[in-house]
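User: Hello! I am new to protein structures and would like to go through one with you. Could we take it step by step?
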Amino acid sequence: MSTDYSNKHVDFQAPEPTPEEQAELDAMYKRMDEVHLKPLWRQIGGLMPNSPEPTAIAHKWDWEELYKMAQRSGELVPVGRGGERRAIGLANPALGGNTYVSPTLWAAIQYLAPGENAPEHRHSQNAFRFVIEGEGVWTVVNGDAVPMKRGDFLITPGWAFHGHHNIATKPMAWLDGLDIPFAHQMDTGFFEYGTEKLTDESTPEYSRGERLWAHPGLRPVAFPGEQVSSPIGRFAWEHTDAALKDQLALEDQGFPGVVSPGHAAVRFTNPTNGKDVMSTVRAEFHRLRPNATTIPVQEVGNRVFQLFDGSATAYVGDEKFDLQHGDVFNVPSWKKWHIEAGDGGADLFNFSDHPIFEKLDLARTYTPEGI
Ligand SMILES: [Fe+2]
């Protein structure tokens with residue numbers, strides 16, 4: 001005789017309680033509330049769904065509106081010690097008014113007027129900037145002045161002192177991304193003020209970190225070993241753009257390289273170990289040929305996209321977002337998503353919290369329509 005170990009669902013029907021039992025149960029649940037206890041059998045469905053049921057919803061923020069708001073706050077709100085940064089955070093409408101774009105990630109537009117300085121500070125939260133337009137700002141990370149130009153991706157790893165200064169005659173705005181919500185909810189955050197005045201006001205064309213580390217496949221012998229975060233402070237647009245162009249050119253020539261037909265993508269990495277640039281944040285850049293489509297996917301974790309160039313339509317769960325220059329949208333955990341490029345193709349910056357879940361062995365990816 002064999003035993004059937006298949007995971008059959010058993011419809012167990014508990015007998016109805018008698019009126020006396022019901023009264024006793026009601027009294028017990030009331031007392032449980034009073035002494036801060038919750039019986040699992042009354043909440044199992046919400047606590048342990050069959051697959052992730054995120055509280056966050058998919059949402060799109062229009063860049064035009066964001067930029068106008070940042071401009072106006074540039075006129076009305078000074079930047080300085082205390083507020084620290086003129087940053088406007090994107091608050092997911094379903095996350096209770098917190099400035100969380102997702103349960104783990106923060107995204108904001110930061111705006112610096114000509115001649116303005118944002119004073120130095122440091123925090124254990126990992127941070128990056130993605131520059132959607134403009135130039136003339138240097139971000140100073142642990143005393144290294146890093147230029148910021150259109151298309152550049154810059155990192156400020158946790159606990160590195162950093163400040164910004166704008167020497168241009170024009171204001172500048174960029175997208176800030178951090179793991180603030182993760183640190184906030186897990187109670188892991190530390191913060192410290194640095195100097196009011198920036199520790200280096202020079203304006204070099206390349207930061208020292210780039211000069212040491214940003215040569216393809218070459219690392220300085222003086223710095224062996226693995227580092228937690230990338231020592232490259234700035235991933236210049238010229239390299240990102242060239243890598244994407246080459247992937248598509250190789251596709252034209254019949255060689256592998258693209259993720260799927262017409263979809264080139266690169267990940268910003270830490271050259272000391274080949275992993276993500278920072279321990280909690282993954283950052284990528286995606287390029288779609290005109291009318292190309294990404295493969296629909298469901299993943300554990302949260303993504304945020306910003307359309308850098310071209311136009312596209314994003315599908316997230318039941319939502320559909322038409323995207324123009326600078327628009328930002330998020331993908332909550334396990335929501336099926338894909339992106340279709342417009343007639344001129346689409347360039348998209350993307351960041352996610354996927355490294356957190358990979359480290360904890362909780363990552364899952366599913367392509368419901370196949371690859
Ligand atoms: Fe900061």
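Predicted model: local features only at pLDDT ≥ 70, side-chain atom pairs only at ≥ 80, totals over all residues.

User: What share of the residues in the protein is buried?

Analyst: A residue is buried if 20 or more other C-beta atoms lie within 10 Å of its own, exposed if 12 or fewer, and partly exposed in between, with C-beta atoms placed from the backbone. Of the 371 residues in the protein, the buried share is 39%.

User: How many helices and strands does the protein have?

Analyst: Helices (H or I, at least four residues) and strands (E, at least two) are DSSP runs, numbered from the N terminus. By that count, the protein has seven helices and 20 strands.

User: Where do the buried residues of α3 sit around its axis, and what covers them?

Analyst: The buried residues of α3 include Trp63, Leu66 and Ala70. They cover an arc of only 60° (taken from the directions from the helix axis to the C-beta atoms), so they are on the same side of α3. The face turned away from that side carries exposed residues, among them Glu64, Lys68 and Arg72. Two residues are in contact if their C-beta atoms, placed from the backbone, lie within 7 Å, and what covers the buried residues includes β1, β2, β3 and β10.

User: Is Val141 buried or exposed?

Analyst: Val141 is found in strand β6, residues 135–141. Apart from neighbours within four places in sequence, Val141 is in contact with Val146, Thr156, Ala160, His162 and Gly233. Because Val141 has 26 C-beta neighbours inside 10 Å, it counts as buried.

User: Which residue in β10 stands opposite Phe128?

Analyst: Strand β5 spans residues 127–133, and six of its seven residues are buried. Two strands pair if DSSP finds at least two bridges between them; β5 is joined to β8 by four bridges in an antiparallel arrangement, and β5 pairs with β10 in the antiparallel sense over five bridges. On the β8 side, Ala127 stands opposite Thr156. On the β10 side, the residue opposite Phe128 is Gly177.

User: What does the UniProt annotation call residues 110–176?

Analyst: UniProt positions are given in the numbering used here, feature names are shortened, and annotations may be inferred rather than shown by experiment. In the model, this span is 0% helix and 66% strand, with its end C-alpha atoms 7 Å apart. The annotation, from an unreviewed entry, reads "domain: Cupin type-2".

Notes
Residues numbered from 1 in each chain as written.
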